[in-house]
Every structure is written in structure tokens, then in C-alpha cells.
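Please open the model in your viewer and keep the selection tool ready. The tour below goes from one selection to the next and says what is found at each stop.

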Amino acid sequence: MLKIEGLSAEIDGKPILNGIDLEVPQGELHAIMGPNGSGKSTLSYVLAGREGYEITGGSVTFDGHDLLAMEPEERAAAGLFLAFQYPVELPGVGNANFLRTALNALRRSKGEPELDAMQFLKVARERMRALSMPEDMLKRGVNVGFSGGEKKRNEILQMALLNPRMAVLDETDSGLDIDALRIVADGVNAMRGPGFSALVITHYQRLLEYIVPDRVHVLVNGRIAKSGGPELAKELEVSGYGSVQAAA
Ligand code: ADP
Ligand code: MG
Ligand code: MG
């Protein structure tokens, strides 16, 4: 499904990713761990097609298509969902409109009819009930004054509405309490199945107690230094990144 080969990228002439090889087959959930500054967020930005990142080598394909050649909205249309560490705040933009615009852009690109406000509210309320989200979050400005946990809930709601075939989630875990981690985990776990894959990026092992990955990869200096099963996350929690860094 997602195949990354020899991916290298730089920011302002500074190499950050140094030949990443990674394959996430359909239906699998992989975790990327690694010390601060190892390039985890950069990888998610490159996959999202964010500006300012120069690809200096390698390739990324999604379902056999050249992902790096696609515009960010084409990536979404292809079924890829990317969530970010620092969600934007959009004062003045109602959350319901924001979410409906995102959903309708996706539906347009698939040739599906757009949802009007009433139709959207029906779908959104259904999803929100499933996620135990208070309905007033639809009325507020996008992420404005949202707590860390509410931002997470909103991101997971967005994912549930867009129903992607693959999600890339960059989670620092910083400032997130156990409840917020559970929201992310429950939202991701609810989507797991043969038609959904995910790449969950996280600094700490704690999230992976709730989301048990099929594979764990450790990123060090912009390269995958070690891969293993879910037990690798537990080993790293005990031993730290030192041994992996030394071997990289
Ligand atoms: P991680 O998410 O693993 O903590 P990042 O991808 O955020 O790592 O950062 C990887 C490296 O790239 C760090 O050394 C960081 O300082 C550097 N970096 C990230 N963003 C920028 C930027 N916009 N300009 C220059 N250097 C950056
Ligand atoms: Mg960081
Ligand atoms: Mg990061």
C-alpha cells in the first residue's frame, strides 16, 4: 500500500531524511518511534506534501502511484489522511463548516454528491456519538480554545468522517493525558481492518500500549535503524534509544 524507498529530504539545504526504506502493507498498522530530532515529523510532512521540504532522493508510492508527484489534495483524494502534531486554530471558521468543507472536497474528487448542512450534521452527529464527543464542538471555531484532548478528538472525528484507506498520525504525546491518548487509540482501533492501514509516529511507547502495532520501526538520524514486532516498543521503553543510536 505505502512503499518508501531510499527517501532523502532536506530543509534549507540541511539533510534531515537520509534514505528511509519502509513498507506498510494494506491492513497493517506500523509505528515509527525515535529520539527527538530524528526526522519523524519531517517524514510526515514530506508524505503530506508540505512546502519547504526538498526531496533529494528515493521514491514513495501509494497503491503503486507516485505519491510525491501528487498535490496534497490529490493525496487525500487517493485515500491518505494526514494529521499533524500542531493542529491549526482557525478563529471565525466554525468547526462544522470546516469539517464539511474537507469532507465535500473529498466527495467531489471521488465524483460523489456533496452533503448539505443538514445531511452533514446527521453524519457528523452519528460519528460524534460513537466517539463520545459533545455536540457543541461543531459550533465552536476550529480548535479555538480546544484543550489538547479536544483537539485530538476533533482530529479523530475528521479522520472518521473522511474514512481514509491509510492514516499517518504524528503524535508527540506531549501535553496529552491518558484520556487524550485513549481517544486517539480508540479512534484508530475503531478503524482497523483489512481496508485500513496506518503509520503512527510517536516518541513514547505509552500510546502503543493502547494501539498495538503490527510492526515498529526506529528512526535515528533520518534513517530506519531498527525494525521489529510490538515487543520492540517495550524494549525501547526499558532500554531507551541509546543502544539503537549507537548501532546506527
Ligand atoms: P522529530 O519529529 O523526530 O523530533 P523533526 O522532523 O521535527 O524530528 O526534526 C528533524 C531535524 O530537522 C531536527 O534536527 C530539526 O531541528 C530539523 N528541522 C525541522 N524543521 C526544520 C526547519 N523548518 N528548518 C530547519 N531545520 C528543521
Ligand atoms: Mg520533535
Ligand atoms: Mg516530531
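A residue is called buried if 20 or more other C-beta atoms lie within 10 Å of its own, exposed if 12 or fewer do, and partly exposed in between, with the C-beta atoms placed from the backbone. Helices (H or I, at least four residues) and strands (E, at least two) are DSSP runs, numbered from the N terminus. This is a predicted model, in which local features need pLDDT of at least 70 and side-chain atom pairs count only at pLDDT 80 or more, while totals for chains, interfaces and linings use all residues. Residues are numbered from 1 along each chain as its sequence is written, and chains are lettered from A and ligands numbered from 1 in the order in which they are written.

**First stop: helix α1**

Select residues 40-48, which form helix α1, and you have a mostly covered helix, with seven of its nine residues buried. The buried ones are K40, T42, L43, S44, Y45, V46 and L47.

**Second stop: α3 beside α5**

Next select helix α3 (residues 95-109) together with helix α5 (residues 148-162). Axes here are lines fitted to C-alpha atoms, for helices over the stretch in contact, and angles run from 0 to 180 degrees between N-to-C directions. The axes of α3 and α5 are 10 Å apart, and the two helices pack at an angle of about 30 degrees. They are therefore roughly parallel to each other, since angles under 35 degrees count as roughly parallel, over 145 as roughly antiparallel, 65 to 115 as roughly perpendicular and the rest as oblique. Two residues are in contact if their C-beta atoms, placed from the backbone, lie within 7 Å. On the α3 side you can pick out N95, L99, A102, L103 and L106, which meet N154, Q158, L161 and L162 in α5.

Now move to E114, which lies in the loop between α3 and α4. E114 counts as partly exposed because it has 14 C-beta neighbours inside 10 Å. Leaving out residues up to four places away in sequence, E114 touches N104, R107 and R108. If you draw a distance from E114 to T101, which is 13 residues away along the chain, their C-alpha atoms are separated by 9.3 Å.

**Last stop: the core and α6**

A nonpolar core is a set of buried Ala, Val, Leu, Ile, Met, Phe, Trp, Tyr and Cys residues joined through C-beta atoms within 7 Å. In the largest such core, which has 65 residues, those with the most contacts inside it are A167, V184, A198, L199 and V200. Helix α6 (residues 178-191) gives the largest share of this core, seven residues. Select V184 and, leaving aside its neighbours within four places in sequence, you will find it in contact with K152, I156, E171 and L207. Also in helix α6 is V188, which counts as buried because it has 22 C-beta neighbours inside 10 Å. V188 touches A198 and I211, not counting residues up to four places away in sequence. The C-alpha atoms of V188 and I156, 32 residues apart along the chain, are separated by 7.7 Å.
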